[in-house]
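Please review the briefing below alongside the sequence and the coordinates.

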Amino acid sequence: MPSINITQTDAEVYFNAPEGVDLSTLEGSVVSLTGNPDIPELVGNPLTALPTQTQLLGLVTQIQPDRGTCCAVLVGMYAGLVKASLAETPGTISVGTPVTVTANGTWKAAASGETVYARVIHEPWEPGKIEIGFVAPYQVAAA
């Protein structure tokens with residue numbers, strides 16, 4: 001059976017953009033990963049709504065448009081720290097803040113009832129970017 005290039009120790013995957021879709025601005029954002037029924041590869045689709053529990057999500061770490069491939073770490077499965085893109089209105093972000101994915105794949109402070117996917121490890125040191133570590137997904141309790 002052909003491989004889809006998953007690095008077992010790091011939960012990193014390579015994927016392609018859908019035909020005609022430009023992912024060049026999505027580094028640090030989350031995409032939905034789906035299988036290609038014709039060949040053993042993953043396809044990364046930009047999020048257009050809040051993610052569901054059934055979606056395989058990848059945080060984009062590298063985009064190589066000239067080679068037609070991108071790299072992502074699997075949300076909730078990757079054990080390291082990753083740089084993530086903040087939403088335009090991210091809420092209060094500090095070390096330890098639980099964060100969630102927005103409908104466009106960026107990250108913001110999780111509010112009551114939202115699903116937490118990661119915690120902030122380093123506050124913003126670069127405009128619009130934070131460093132996060134994934135956690136087992138859970139819902140923020142109502143206040």
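A search of the whole structure finds zero disulfides, a disulfide being a pair of cysteine sulfur atoms within 2.5 Å. The model is predicted: local features need pLDDT of at least 70 and side-chain atom pairs count only at pLDDT 80 or more, whereas totals for chains, interfaces and linings use all residues. Residues are numbered from 1 along each chain as its sequence is written, and side-chain values use heavy atoms, with hydrogens and water left out.

**Cysteines**
- Buried means under 20% relative accessible area, exposed over 50%, and partly exposed in between (1.4 Å probe, protein chains only).

**Overall architecture**
- The protein chain comprises zero helices and eleven strands. Helices (H or I, at least four residues) and strands (E, at least two) are DSSP runs, numbered from the N terminus.
- Of the 143 residues in the protein chain, 41% are buried.
- Among contacts in the protein chain with a separation of 6 or more, 53% link residues 24 or more positions apart. A contact means heavy atoms within 4.5 Å.

**Pairing around strand β4**
- Strand β2 (residues 12–16) runs parallel to strand β4 (residues 42–46), and two bridges join them. Two strands pair if DSSP finds at least two bridges between them.
- Asn16 has Val43 as its bridge partner in β4.
- Strand β3 (residues 30–35) pairs with β4 in the antiparallel sense over five bridges, and a hairpin through six residues joins β3 to β4.
- Val43 in β4 also stands opposite Thr34.

**Leu57**
- Leu57 lies in strand β5 (residues 56–64) and counts as buried because its relative accessibility is 5%.
- Not counting residues up to four places away in sequence, Leu57 touches residues including Val30, Leu33, Leu47, Pro51, Val73 and Tyr117.
- Leu57 and Gly44 are 13 residues apart in sequence, with a C-alpha to C-alpha distance of 8.8 Å.
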